[in-house]
Amino acid sequence: MGDLERELRDLSTWLETTDPPEVTARVHARLAAPPRRRWRAYAAAALAALLVAVLPPTRTAVADAVGGLLRFAGVTIAPSSGRPAGTPSPLPSQRTSALDEARRAVRFPIRVPAKLGPPERVLVADPDATGAHRVATLLYRGGALRVDAFDGRLNLSFHKETVRPDAEWVQVDGDFAVWVGGPHVLSYVDRSGQVHGETARLAASTLIWQADGVSYRLEGDLTKLEAIDIAQSMS
């Protein structure tokens, strides 16, 4: 299997699409069409397939091309449905914690970006029945810059709504990541997959990536290159 085929297979697991449309009638109509019209339809389909095969995902988000829902690293990204109303609530059972305590409170390693240094404040949220928390958040710049960490092998944790094509593929340490380059609505997704609208808030530009099974969200007033530089300094 070549590198391109492997990457396309990997990308297919990150996408959710709507139910396929009824195409039987459309196919019959095309078969009944005059040969010239049929040839044009086949040529257009072949060209579309070729473009999907050769264009790298770093050009645009795949969700933009197929009109579906992008799902990556425990985060969904969907077309915007408007800005949140009212004051957002914190994540479930969110509390302040010391960094060492937070590392004991979660079941995944909490890494700190060397470019930012020790966090000013640490939060943990959404514990399960055993007391293991699902999300750890590192806050900087008075809370204006944040790093959310959560187990990327579990169910979804965050739901973003953005005006496309704000989402695009980038790379962090040679692996795929997603950059959302502008304000967007951010909501929390609980363990059952339910989106909590009461937690919805307007988020800043965000970089989303995974490392060693842990998913990260870096959010703040950053350029794309600044965010990637911070992400690659995680240790």
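This tour of a predicted model moves from a strand and its neighbours to a helix, with salt bridges along the way.

Begin by selecting strand β5, residues 121-127, where 5 of the 7 residues are buried, so that the strand is largely enclosed by the rest of the structure. Next bring in strand β6, residues 133-140, which pairs with β5 in the antiparallel sense over 6 bridges, with P127 standing opposite H133. The strands β5 and β6 form a hairpin with 5 residues between them, and G131 in the turn has a positive phi of about 95 degrees.

Staying here, show the side chains of D126 and R134, which form a salt bridge with closest N and O atoms 3.9 Å apart; both residues are buried. Then select D128 and R107, whose side chains meet in a salt bridge at 3.5 Å, N to O. This pair links distant parts of the chain, for D128 lies in the loop between β5 and β6 and R107 in the loop between α5 and β5, 21 residues apart.

Finally, select K224 and E168, which form a salt bridge with closest N and O atoms 3.3 Å apart, linking helix α6 to strand β9 across 56 residues of the chain.

How values were computed: Residues numbered from 1 in each chain as written. Predicted model: local features only at pLDDT ≥ 70, side-chain atom pairs only at ≥ 80, totals over all residues. Heavy atoms only, no water. Buried < 20%, exposed > 50% of the residue type's maximum accessible area, 1.4 Å probe, protein only. Helix = DSSP H or I, 4+ residues; strand = E, 2+ residues; numbered from the N terminus. Pairing = 2+ DSSP bridges. Salt bridge = Lys/Arg side-chain N within 4 Å of Asp/Glu carboxyl O.
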